[in-house]
Amino acid sequence: MSVNLSKGQAISLEKKDGATLTAVRMGLGWQAAKRRGLFGSRTREIDLDASAVLFADTQPVDVVFFRHLVSDDGSVRHTGDNLVGGVGQGGDDEAILVDLQRVPVHIDQIVFTVNSFTGQTFQEVQNAFCRLVDETNGQELARYTLDGGGDYTAQIMAKVHRAGSGWTMTALGTPANGRTFQDLMPAIQQHL
């Protein structure tokens with residue numbers, strides 16, 4: 001059973017049977033919002049990009065995004081760049097896989113971001129979401145709906161961070177502006 005998260009809400013990533021999750025997928029899905037024009041409605045392609053920034057304490061150590069698909073240690077992997085969204089018809093258009101057992105012990109936080117590489121604002125995006133899935137069985141654990149309609153080009157979606165011997169996910173949903181994860185680093189730092 002999936003949990004619909006609200007901004008700032010945290011959930012434990014421990015399974016109901018007390019076992020710890022070993023692999024998760026952060027999925028991102030979206031569609032371009034239809035715009036009314038003189039000759040009917042139309043959509044414009046929107047290139048949203050999912051990124052994962054790996055931190056040791058508050059220092060960025062590595063990043064996984066469309067130009068660096070696998071973390072240096074191999075524990076985090078991006079499945080590839082989707083330039084238009086909507087392909088999955090409600091499924092994941094981009095995904096980042098995290099093998100929690102392989103994440104080095106010094107990495108204590110992984111922050112997931114989404115940004116509009118082509119510069120459109122979220123006013124032009126609809127049905128955007130991020131979700132966390134138990135990769136071992138495909139069960140959706142949590143879903144966070146990215147609020148549309150904002151005059152911004154990016155969101156700091158969520159973070160997965162160590163909590164004792166396990167992991168916790170916190171939905172952040174913080175609007176920001178930037179075309180790449182590098183542009184978002186000052187805003188990300190506020191959530192560490």
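This is a predicted model: local features need pLDDT of at least 70, side-chain atom pairs count only at pLDDT 80 or more; totals for chains, interfaces and linings use all residues.
Residues are numbered from 1 along each chain as its sequence is written, and side-chain values use heavy atoms, with hydrogens and water left out.

**Nonpolar cores**
- Val 98 is among the residues with the most contacts inside the largest nonpolar core, which has 35 residues; Met 26, Val 76, Ile 110, Phe 112 and Met 157 are also on that list.
- Strands that each supply at least two residues of this core include β3 (23–32), β9 (94–99), β10 (109–116) and β13 (154–163).
- A second, separate core of 14 residues includes Val 53, Ala 154, Leu 172 and Phe 181.
- A nonpolar core here is a set of buried Ala, Val, Leu, Ile, Met, Phe, Trp, Tyr and Cys residues joined through side-chain atoms within 4.5 Å, and buried means under 20% relative accessible area (1.4 Å probe, protein chains only).

**Lys 159**
- Lys 159 sits in strand β13 (strands are DSSP E runs of at least two residues, numbered from the N terminus).
- Although buried, Lys 159 has no salt bridge (a Lys or Arg side-chain nitrogen within 4 Å of an Asp or Glu carboxyl oxygen).
- Asp 108, the nearest side chain of opposite charge, is 8.6 Å away from Lys 159 (Lys and Arg count as positive, Asp and Glu as negative; His and the chain ends are not counted).

Conventions:
Buried means under 20% relative accessible area, exposed over 50%, partly exposed in between (1.4 Å probe, protein chains only). Helices (H or I, at least four residues) and strands (E, at least two) are DSSP runs, numbered from the N terminus.
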